[in-house]
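Okay, everyone, let's get going. Have a look at the structure on the screen, and I'll talk you through a few bits of it.

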Amino acid sequence: MKSGAQILLDCLKQEGVDTIFGYPGGRTLLVHDALMDDREIRHILVRHEQGAAHAADGYARTTGKVGVCLTTSGPGATNLVTGIATAYMDSVPMVALTCQVPTAEIGNDAFQEADMAGITRPITKHNYVVTDIKDLARIIHEAFYIARTRRPGPVLVDLPSDVLGAKLQPTVSQAAGRRGYQEKPNLNLKQVKLAAAMINKAKRPLIYAGGGITLSDSSDKLRALAEKAQLPVTHTLMGVGIMDPNSPLSVGMLGMYGAWYANMAVAECDCLIAIGVRFDDRVTGKVASFAPKAKIIHFDIDPASIRKVVQGGLPIVCDAGEALEQLLELVEARDRAAWFAEIAGFREKGPLPRPERDTLVPHEVMEAIAAVAGDRPVVASDVGLSQMWTANYLPFAGPRQYITSGGLGTMGYALPAAMGAALGNPDRPIFAINGDGAFQMNCQELATCAQYQIPVKCIILNNGKLGMVRQFQKVLLDSRYASTCLGHHVDFCMVSEGFGVKALRVKDKTDLQSVLQQAMEIPGPVVVEVPIHPDTYAFPMVLPGNDSTQMVFDAD
Ligand SMILES: Cc1ncc(C[n+]2csc(CCOP(=O)(O)OP(=O)(O)O)c2C)c(N)n1
């Protein structure tokens, strides 16, 4: 006979889980007790459950495996909510295990009871409450299956403590599956042929590629397609790394904080080949004027994403990798030099700004990080100006190298996500790049990094402000900086040392490179504070409601 807690761990191992990010409480006692003797699963004790969710997310995004987090009931579980919503918006495979009050007490307002199935219904792909130990193994396997297949996403499993304590003779578990749930859509070849014909005919085609390419591990196929048919590629924030930014085929990131020339390419293209994207409002700007001259082909695994924002076009419900393989056979080589020259003209007219100033400027900082970063680094960026600077100026040559909260835009993401990435990728250099505001939202995770010697190099771009919001205030509200000044100076080095993490401070341009180099030479976690002038912003940008080619290039 085995307890529910033991059966749970057996199932996790069968699913290949080697790491769980968790935090204990009264309702997790049996699970944490069973984990204590387990040699195959390591449990990382975070300092806040939000950190557990982001760490599981960072682990999942960078390894392609399902990330797992574990909490107690009530406040432990509700602390996961932002992390689950973050994963949901970016289609990250995750299983959140929340322990619960005993089944007999559910609905009684028991101590530390929260209805997690109800609370997370709109932010999970699926969720379960296990009310009988006989269902436990099936539900756990199903949760992993649903989390990682089709359009991935977070699945929550609520585990009442009596179920974890009950005993059962386990039976051999069966392969997971669900009636009515198709693991992959059937690719409609007729539609792909139509798409190929449209591409072959187009004079100015453009690929608009996003996170779906990474999720289906098909960036190589995308590159091959672009190469064969000579198709320029612009990518979303979630698509950073799927193209080598130095490739002549790459047109960089489009959208609100993307490159003007990428938005111009969208405006001028005659065929927009959208793959694994969802026409997010930060991409389209004013929808009515998005890609006005183009016929649109939209490849996506989720039929609900197709024609959600932009109407018309050719819909193809598919796995991106399968579609790209077929398309590669069907597209013809074309000379599109004139179109590439046109895009090069846009790039020359409106490049990404690289200003020269006495104070440190974003591209300099990013280039300095790139110079010390080493082989295939993984960078988790937070939300704010630092996110846009990282996406635009750090050259990511491969997928799963850049992770960020794209859809929800969650401040406090970077440090715990980098922690998860580090545990999933022990051979790679790992960075967290944060604004000083975002860093303060989950800086408690430095204690986790110190305890387990997780080698995250945590870079704080310190402008003393909530810079991205301040930028809006500067441009839209006549420089009235309401509630965006972080007031008194926080000594981040002292904070970090207090958590047991070594800290270094960059003075200015003269020591930037040497301090970063020094950080790389120190084993384990290190914090590096970099001073950024408060009036340094992320330009160009599209103002809300505007056409995406009408970008603002500076604040004056
Ligand atoms: C949890 C959360 N709260 C509020 C916001 C709104 N917000 C977006 S960017 C930003 C400012 C970020 O400031 P900081 O981390 O210092 O980075 P900076 O923009 O200065 O680089 C804020 C408050 C958010 N995205 N997430």
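So, what is the strand order in the open sheet of six strands? Reading across, the order is β16-β15-β17-β18-β20-β19, with parallel pairing. At the edges stand β16 (402-404) and β19 (502-505), each with a single partner strand, so one side of each is left without a neighbour in the sheet. From one strand to the next, the twist averages 20°.

Quick word on the source: this is a predicted model, where local features need pLDDT of at least 70, side-chain atom pairs count only at pLDDT 80 or more, and totals for chains, interfaces and linings use all residues. Residues are numbered from 1 along each chain as its sequence is written, and side-chain values use heavy atoms, leaving out hydrogens and water.

Strands here are DSSP E runs of at least two residues, numbered from the N terminus, and two of them pair if DSSP finds at least two bridges between them. Take β18 (residues 456-462) and β20 (residues 526-531): they run parallel and are joined by six bridges. In that pair, N462 sits opposite P531 of β20.

Now, M551, over in strand β22 (residues 551-552). Is M551 buried or exposed? M551 is buried, because its relative accessible area is 11% and the cut-off for buried is under 20%, with a 1.4 Å probe and protein chains only. Leaving aside residues up to four places away in sequence, M551 touches G255, M256, G258, A259, W260, N263, P540, M541 and V542, where contact means heavy atoms within 4.5 Å. And F472, 79 residues apart from M551 along the chain, has its C-alpha 13 Å from that of M551.

Methods. Helix = DSSP H or I, 4+ residues; strand = E, 2+ residues; numbered from the N terminus. Axes fitted to C-alpha atoms, helices over the stretch in contact; angles between N-to-C directions. Buried < 20%, exposed > 50% of the residue type's maximum accessible area, 1.4 Å probe, protein only.
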